[in-house]
Amino acid sequence: MAALHEFLTSLFGAATPTIWIVLQIVAIVLPLMAVVAYLTYAERKIIGFMQVRIGPDRVGYWGLLQPIADALKLLVKEIIIPTGADKALFLLAPILSIVPALAAWAVIPFSDTLILADVNAGLLYAMAVSSLGVYGIILAGWASNSKYAFLGSMRSAAQLISYEVAMGMALITVLMVSNSLNLADIVRAQGEGIFASHGVSFFSWNWLPLLPMFVVYLVSGVAETNRAPFDMAEGESEIVAGFHVEYSGMAFAIFFLAEYANMILVSALTATLFLGGWLSPVSFLPDGLFWLLAKISALLFFFLWIRATFPRYRYDQVMRLGWKVFIPLCLVWIVVVGCWMMSPWNIWK
Amino acid sequence: MLENYFPVLIFILVGAVVGALPLILGWVVSPSRPDSEKLSPYECGFEAFEDARMKFDVRYYLIAILFILFDLEIAFLFPWATIFKEIVSTDTIKWFGFAEMMVFIAILVVGFVYAWVKGALDWE
């Protein structure tokens with residue numbers, strides 16, 4: 001590490017810290033892209049097995065090269081820009097949707113010390129940035145000048161902002177018990193408590209005392225990423241593909257990347273906020289990056305599992321769930337946690 | 001303090017590059033053989049009837065307005081929630097800090113119930 005740092009200094013001089021940061025970012029983004037690629041493979045394989053099919057198995061051993069073949073295919077496909085479309089916005093939209101999906105990773109703590117930007121308002125930043133994704137979708141629908149795209153983007157935007165309110169309210173309870181906006185501090189706060197002092201910190205993590213909020217956050221996360229069963233923004237059987245119906249080739253691939261990157265991001269945030277991030281569930285095993293990755297993988301499997309299990313919601317049901325179930329529940333639970341912490345039975349001293 | 005945010009800025013720029021690079025690459029590598037049928041908006045094979053930027057349901061707009069209100073309320077709750085542990089452990093402001101926010105949430109609930117009763121949250 002030190003030798004590499006010295007080599008970089010001799011190469012770039014004063015710009016070294018910046019180059020170093022860029023290298024760290026690349027070290028986050030490249031594995032992320034690989035995970036996105038193989039998440040699509042895992043999705044097809046897992047859903048295949050759940051439906052008693054084999055899934056892709058032609059390209060390479062067990063179809064392991066399938067994502068690469070897909071990427072190459074999309075690369076050589078024509079990027080079609082419809083005549084009625086607003087060209088600049090049409091091409092800007094995919095970029096606007098991938099930037100927030102990636103940029104939020106800057107504040108995710110991978111382990112006790114491994115964190116790119118240890119900012120004190122990390123949670124606020126992650127929330128703000130991930131809510132910018134809606135601009136990409138709205139722009140895509142508007143710029144395409146196609147009815148399906150327009151309807152899809154309207155639906156999607158209304159759904160995203162509705163569930164964001166529920167998500168934000170669920171986060172308030174996490175903040176109340178953590179006393180910090182810093183994501184690393186939120187993880188550390190989960191390693192304390194009655195169960196943690198008895199060696200099973202698994203039961204001290206936020207998911208158990210804040211169980212209803214954990215469920216709200218997780219379900220809202222599925223809705224935020226437009227995944228089944230909340231995927232009526234795409235709803236291929238009713239409005240073809242929703243906001244990205246006019247996109248093809250690489251422009252489509254970027255929307256696809258953004259959707260899967262968002263899925264991984266929501267999993268990472270859920271793991272960090274409710275499932276103890278890098279903390280080990282039992283005291284006799286060491287903490288570390290491995291645990292965070294294991295938790296993210298488990299949550300991603302959950303994402304795929306519910307896609308294979310549930311039918312698509314109707315739009316009015318989605319909105320009812322968000323506004324008439326989750327938001328009242330969150331409001332009540334904020335008061336409950338407040339009263340709990342005021343009472344002598346406060347477990348977050 | 002602000003230095004901590006520098007990696008964030010660079011990350012946003014890298015993200016933009018990650019988005020733009022495949023677009024440029026795709027544009028260079030892929031063929032471009034446009035024709036009028038291919039470039040027309042997709043409408044299940046029909047000619048597009050009218051401009052796609054048509055009237056849309058006012059409820060989308062209503063939801064957006066409600067979102068702004070509620071997100072603002074959340075923005076007000078955030079700082080309070082962040083220091084709530086300190087409020088609880090400080091005897092002098094313990095009950096004041098708690099009661100004040102309960103009043104705030106009560107006002108929020110009144111507004112929420114009003115929107116609910118008025119049917120702003122209904123989709124039929």
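Domain bounds here come from an automatic or database domain assignment. This is a predicted model, in which local features need pLDDT of at least 70, side-chain atom pairs count only at pLDDT 80 or more, and totals for chains, interfaces and linings use all residues. Residues are numbered from 1 along each chain as its sequence is written, chains are lettered from A in the order in which they are written, and side-chain values use heavy atoms, with hydrogens and water left out.

Q: What distance separates the centres of domain 1 and domain 2 of chain B?
A: Domain 1 of chain B covers 2-47, and domain 2 covers 58-117. Taken over C-alpha atoms, their centres are separated by 39 Å.

Q: What is the radius of gyration of chain B?
A: The radius of gyration is taken over C-alpha atoms, and the globule rule is 2.2 Å times the number of residues to the power 0.38. For a compact globule of 124 residues, that value would be near 14 Å. Chain B has 25 Å.

Q: Is B:Trp27 buried or exposed?
A: Buried means under 20% relative accessible area, exposed over 50%, and partly exposed in between (1.4 Å probe, protein chains only). B:Trp27 has a relative accessible area of 66%. B:Trp27 is therefore exposed.

Q: Which residues does A:Phe203 contact, leaving aside its neighbours within four places in sequence?
A: A:Phe203 counts as partly exposed, at 34% relative accessibility. Contact means heavy atoms within 4.5 Å. With neighbours within four places in sequence left aside, the partners of A:Phe203 are A:Phe195 and A:Leu208.
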